[in-house]
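I opened the model and kept notes as I went. The entries follow in the order of looking.

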Amino acid sequence: MNGSPERPRTWHAVAGAWLGIGTSPGALLLGATIAARHRAPIPLLALFGGILLIAAILWFQGKLGLAPPHGDGGTLAEIAPRYFDAPLQRGFGALLALGMIGWFAFNVGFGGAAFGALIGQPQWLGTLALAVPITFFSIRGITSWNGLAILTTLSVIALVAFAVIRFAARVQPVTPNVDDPLQILSDVAALVGYVSLFSVRAPDFSARLGSRRDLLIAMILLCVPLVGVILAGAILQQGTGSADLVSVLAEPANLGLGNLLIALAVIAPAFTTFYSGVPALRAAIHVPEKTAMLIIAGIGLALAVARFDLWLLSWLSILAAVLPPLVVPLAWESTARRRGHAPHFIPIWVWLASASIALGLTLAQNAFALFAGLFVAALATGAWRFKIRNWRRDK
């Protein structure tokens, strides 16, 4: 559809990005904080339900990037103008940019705290030591993530092995018991929130893949390691009694190895926040590329110094409220186009209606927020399509 002469890619070309999300140190902290919230192992139902919903969102959104005839064959920045009306393009761009600022803040804040603990310096100094060179090299035009993705993956694998060897003999990370059904829903929302930004921008990392099989393999590369890293985080929390992994890993008995691995593991994810964040910010406020990078880095650095990473679950819940509802009308419209129906732009009210309700319920600490948002998104999408049919009939 985009007229590109490029040959379709295989999953090998994008494996690093998908594997990098599944093995991010953020997943380690997510597992630890969920276990701490339960004061017990992670309920199996929450983990299974969260991964199932994550896979569904990744599948429908990732298909948009596949090479024709399976998808539109482009990145999110290339696809969005084909599906969104102008207000939705700007609004979604602003939201996506804010999300990427948050992930930049999380990565350099979490990694900076680990690096500061490692070298015996304040957290803000460790954060600067990470954020400044990452921003500098991004502005200079770094474009290849393969080496960084490998470094990140190996660091997290080593960190997971460290946690399992040290604590797994005396703790269990998961339980079949359900202590609080409403808490299970909150856990699912946190899990979906963890990948919500990546899932919405999945076309960036599935663009021009040649088959659904390639997308499926990429999804497996994300979901399977994600489960393992989350469980490792739960093992660390259960073994130490604390979700503050930086403090735990800074103890003399741990030789600082864990914090070194965390500092290394956040480098690639921090770099990739510019990859989707910059086009999103430019779509929202039309600024030059380098200006967009400086905005993301400046705000993200301020949040990182304030230890934004300590608010992980709250932030993920908000992301889970406002981003997944957009996947519903996108999946509907893209499926309709594949079946030969006339294309239509998705109006902003379809997304706003569902995202607003989900966000309101999230702020009210209602466990049904994510599911209410998806349900309202389905209703709003149905109403939009019904309006289109009536308009055609009136013509």
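**Backbone notes**

I began at Arg208, which is buried at a relative accessible area of 15%. My cut-offs: buried is under 20% relative accessible area, exposed is over 50%, and partly exposed is in between, with a 1.4 Å probe and protein chains only. The model is predicted, so I kept to its limits: local features need pLDDT of at least 70, side-chain atom pairs count only at pLDDT 80 or more, and totals for chains, interfaces and linings use all residues. Residues are numbered from 1 along each chain as its sequence is written, and side-chain values use heavy atoms, with hydrogens and water left out.

Arg208 has a phi near 65°, positive in a residue other than glycine. I found Arg208 in the loop between helix H9 (203-206) and helix H10 (212-240). Helices (H or I, at least four residues) and strands (E, at least two) are DSSP runs, numbered from the N terminus.

Arg39 also has a positive phi, near 55°. Arg39 sits in the loop between helix H2 (25-38) and strand E1 (42-43). Arg39 is exposed, at a relative accessible area of 76%.

Next came the peptide bonds. Pro68 and Pro69 are joined by a cis bond with omega of about 10°. Pro69 belongs to the loop between helix H3 (44-62) and helix H4 (76-83). Most residues other than glycine have a negative phi, and most peptide bonds are trans.

**Core and rings**

I looked up the largest nonpolar core, and it has 118 residues. Such a core is a set of buried Ala, Val, Leu, Ile, Met, Phe, Trp, Tyr and Cys residues joined through side-chain atoms within 4.5 Å. Helix H5 (residues 86-119) gives the largest share, 15 residues. Trp18 and Leu30 have the most contacts inside the core.

Which residues does Leu30 contact, leaving aside neighbours within four places in sequence? I listed Ala190, Leu191, Tyr194, Ile230, Leu312, Leu313 and Leu316. Contact means heavy atoms within 4.5 Å.

I then searched for aromatic pairs and got 10. Rings of Phe, Tyr and Trp (its six-membered ring) pair if their centres lie within 6.5 Å; planes under 30 degrees apart count as stacked, over 60 as edge-to-face and the rest as tilted. Phe198 and Phe205 are stacked, 5.1 Å centre to centre with 15° between the planes. Both Phe198 and Phe205 are buried. One aromatic cluster takes in Trp103, Phe106, Phe110, Tyr194, Phe308 and Trp315.

I counted 1 cavity of 30 Å³ or more. On a 1 Å grid over the protein atoms alone, a cavity is a set of points where a 1.4 Å probe fits but cannot get out, and a pocket is an open set with protein on both sides within 12 Å along at least five of seven lines; lining residues have an atom within 4 Å of a point. Grid points are joined across faces, edges and corners, and a volume is the space filled by probe spheres set on the points.

The largest cavity has a volume of about 150 Å³. It is lined by 13 residues, and Ile21, Trp103, Asn107, Arg201 and Pro269 are the closest to its centre. H8 gives the most to this lining, 4 residues.

The second largest pocket has a volume of about 370 Å³. Of its 17 lining residues, Arg37, Ser186, Ser317, Thr362 and Gln365 are the closest to the centre. H15 gives the most to this pocket lining, 6 residues.
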